[in-house]
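Work through the following exercises with the sequence and the structure side by side. Each task is followed by a solution that goes step by step.

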Amino acid sequence: MPERIMFTMGDVACAEGALSAGCRYFGGYPITPATEIAEWMSRRMPELGGAYVQYEDEIASITSVIGASWTGTKAMTATSGPGISLMQEAVGLAVMTETPLVIVNIMRGGPSTGQPTRGQQGDVMQAKWGSHGDYQIIALTPASVQEMFDQTVQAFNLAEQYRVPVFVLADETVGHMRERLVIPDEKDLKIVSRKKPTVSPEEYLPFKADEDLVPPMATFGSGYQFYATGLTHDERGYPSDKEHIQIELITRLSDKIRKNSDKIIDLERFQLDDADIAVIAYGTPSRSAKRAIRMAREEGIKVGLLRLKTVWPFPEKTIMDLAGEVKQIIVAEQNLGQVYHMVRAYTGTTPVRLMAKPAGMPQLPHEIFDVIKEVA
């Protein structure tokens, strides 16, 4: 399909990104402010020969997505607030069974039902630690309508490459804002699909990893008979309570993300080269931060922005390097401080100021500008 241009909202851009990435199954339960994704998928998916199913709740939604992925279909769900809380056990199941899928969380005010129509960035730590056990996850944080499209495509590619659930972690403002969207020609999109086994069904070990720590993935109904379980399992997929099997499996599940973090992490440096002050932000607050930085630069204050386009895995080395480059760091988040604590862990003696705003409206440029002037 040739390039298309739309004026639309972030939720719709996300749905279009999924379709462009090859998603042909969506299982979901409508919930504000992610409902528009489900609505758009219900219209567009049948046009492309895919399936849209609305379930009775979010638990059924995400488990259906896991099942769809094991049939070889690229699959996604979208939710928010209490919905993402309900999905957490299944996130762990997807991690343990190495099931590629995309989970979109349009973050709203919480806890509990909170503020359904207002944005917040309160689910950042939940995306990393929400399920039980040791594991690594990938979470992308778009800041514009175009990035809702681009990073949804990227999320599918990462999920397929590393056989892991990937979050698109957008705040409500990004999901509901309207901007220009350019959908590239199909031939200009990079699309990644999971590795398939190159051995016969008799030789196939479903959880035997290659050198990249990722096993090739056969699909149900393809002639390969195997067992996939949330229990600790060996390379054959058989449950095991042996200590060394648990250690080897859990270590590999983490290492396939951790050891490839340099390839996964995506960041934007904005006017940082000569900066004495660095603002760290993601999602909507990063847009306000850019405006605040331009205002500060007009007054001669050397300040720049490190924008986290990937929040998990966390860019530990970049934060350590940045702490050596600047005299002061400001973390602007639409919560009471979540990424702030991660930044503090890697900045040594460099002062870090939290600019928290756990409310529906993100930090405004003049609010960030005032904090920059205070620390300058």
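Throughout, two residues are in contact when heavy atoms of theirs lie within 4.5 Å. The model is predicted, so local features need pLDDT of at least 70 and side-chain atom pairs count only at pLDDT 80 or more, while totals for chains, interfaces and linings use all residues. Residues are numbered from 1 along each chain as its sequence is written, and side-chain values use heavy atoms, with hydrogens and water left out.

**Exercise 1. Determine where Gln120 lies, whether Gln120 is buried or exposed, and which residues Gln120 contacts.**

Step 1. Helices (H or I, at least four residues) and strands (E, at least two) are DSSP runs, numbered from the N terminus. On this basis Gln120 sits in the loop that links strand 6 (115–119) to helix 6 (124–129).

Step 2. Buried means under 20% relative accessible area, exposed over 50%, and partly exposed in between, with a 1.4 Å probe and protein chains only. Gln120 has a relative accessible area of 10% and is therefore buried.

Step 3. When neighbours within four places in sequence are left aside, Gln120 is in contact with Met107, Arg108, Gly109, Gly110, Asp171, Gln334, Pro358 and Ala359.

**Exercise 2. Describe how helix 3 and helix 5 pack against each other.**

Step 1. Axes are lines fitted to C-alpha atoms, for helices over the stretch in contact, and angles run from 0 to 180 degrees between N-to-C directions. The axes of helix 3 (residues 58–70) and helix 5 (residues 88–96) come within 9 Å and cross at roughly 15°.

Step 2. Angles under 35 degrees count as roughly parallel, over 145 as roughly antiparallel, 65 to 115 as roughly perpendicular and the rest as oblique. Helix 3 and helix 5 are therefore roughly parallel to each other.

Step 3. On the helix 3 side, Ile62, Thr63 and Ile66 meet Ala90, Val91, Leu93 and Ala94 of helix 5. These residues divide into six nonpolar, one polar and no charged, where Ala, Val, Leu, Ile, Met, Phe, Trp, Tyr, Cys and Pro count as nonpolar, Asp, Glu, Lys and Arg as charged, and the others, Gly among them, as polar.

**Exercise 3. Examine the backbone at Pro111, Ser112 and Gln271.**

Step 1. The peptide bond that joins Gly110 and Pro111 is cis, with omega about 5°, and Pro111 is found in the loop between strand 5 (101–109) and strand 6.

Step 2. Ser112 lies in the loop between strand 5 and strand 6, and has a positive phi of about 55° although it is not a glycine. With a relative accessible area of 58%, Ser112 is exposed.

Step 3. Gln271, in the loop between strand 10 (267–270) and strand 11 (277–281), has a positive phi near 55° and is likewise a residue other than glycine. Its relative accessibility of 34% makes Gln271 partly exposed.

**Exercise 4. Locate the largest nonpolar core and describe the surroundings of Ile329.**

Step 1. A nonpolar core is a set of buried Ala, Val, Leu, Ile, Met, Phe, Trp, Tyr and Cys residues joined through side-chain atoms within 4.5 Å. The largest has 50 residues, and those with the most contacts inside it are Ile280, Trp312, Ile329 and Val343.

Step 2. Helix 3 supplies the largest share of this core, five residues.

Step 3. Beyond four places in sequence, the contacts of Ile329 include Ala278, Ile280, Leu322, Val343 and Val352.
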